Amino acid sequence: MNGLREWLLGVVAAALAVSLAQSLTPDGTVKRVGRLVGGLVLLLAVVRPLGALIPRAASLPVMAYGTMTEEEAGQGGEEVIKTLIAEKTGAYIVDKGQALGLSCQARVRVTTDESGWPVPWEAEIWGQWTPEGKKKLSRAVEEDLGIPAQRQSFWEEGT
């Protein structure tokens, strides 16, 4: 019963922290990224008890041998978040293109902004489109994701 209480307190504390962080972040790309990270934090808080069900022998070899420092583990977590943001942002661009009637694929590079938050920085988009469709997609990427036109690369396939 004590374990259930600790888990519930952990979930509530995570929810409060995420809520506070959301209220303090500025609107725009940072807020959208914060929502993604907040969701991941809440997910981890909810599934934390499942970690107790996994035997210690099944833990990561890096941790089992103690070769990773805490700083390296933190940097690994940041890279995981950057990878998730890049994948989700690329999928958003593809979905937006499909909504505009375009056939495209996208790859996004994520960097850390001046406040320390990982944000989408650059987008490579390739596929088939009309000049008007390309303009609309470029405008949507700039307005929705904060990636200006000069950091967008379009490569037309089949030409």
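Three salt bridges turn up in a search of the whole structure, a salt bridge being a side-chain nitrogen of Lys or Arg within 4 Å of a carboxyl oxygen of Asp or Glu. The model is a predicted one, in which local features need pLDDT of at least 70, side-chain atom pairs count only at pLDDT 80 or more, and totals for chains, interfaces and linings use all residues. Residues are numbered from 1 along each chain as its sequence is written, and side-chain values use heavy atoms, with hydrogens and water left out.

The background to such pairs is simple: side chains of opposite charge can pair when their charged atoms come close. One of the salt bridges joins the side chains of Asp144 and Lys96, at 3.8 Å from N to O. This pair links distant parts of the chain, with Asp144 in helix H5 (residues 131–145) and Lys96 in helix H4 (residues 70–99), 48 residues apart. Helices (H or I, at least four residues) and strands (E, at least two) are DSSP runs, numbered from the N terminus. Asp144 counts as partly exposed because its relative accessibility is 22%, and Lys96 is also partly exposed, at 28%. Here buried means under 20% relative accessible area, exposed over 50%, and partly exposed in between (1.4 Å probe, protein chains only).

Arg107 and Glu124 meet through their side chains in a salt bridge of 3.0 Å, N to O. Arg107 belongs to strand S1 (residues 103–112) and Glu124 to strand S2 (residues 118–128), 17 residues apart. Arg109 forms a salt bridge with Glu122, and the closest N and O atoms are 3.1 Å apart. Arg109 lies in strand S1 and Glu122 in strand S2, so this pair ties together parts that are 13 residues apart in sequence. Partly exposed positions here include Glu124, with a relative accessible area of 28%, Arg109, at 42% relative accessibility, and Glu122, at 27%.

Helix H5 also holds Ser138, which is buried because its relative accessible area is 14%. The side chain of Ser138 makes a polar contact with that of Gln152 at 2.7 Å. A polar contact is a pair of N or O atoms within 3.5 Å; within protein, one must be able to donate a hydrogen and the other to accept it, and residues adjacent in sequence count only if both atoms are side-chain atoms. Leaving aside residues up to four places away in sequence, Ser138 touches Ala149, Gln152 and Phe154, where contact means heavy atoms within 4.5 Å.

At the other end of the numbering, helix H1 (residues 2–24) has 23 residues and reaches 33 Å from its first C-alpha to its last, close to the 33 Å expected at 1.5 Å a residue; the expected span is 1.5 Å times one less than the number of residues. Val11, Ala14, Val18 and Gln22 are buried in H1. An α-helix has 3.6 residues a turn, so residues three or four places apart point the same way. Helix H2 (29–47) is included in what covers the buried residues of H1.

For the chain as a whole, the secondary structure comes to five helices and three strands, following the pattern α-α-α-α-β-β-α-β along the sequence. Of the 159 residues, 28% count as buried. Among contacts between residues at least 6 apart in sequence, 60% join residues at least 24 apart.
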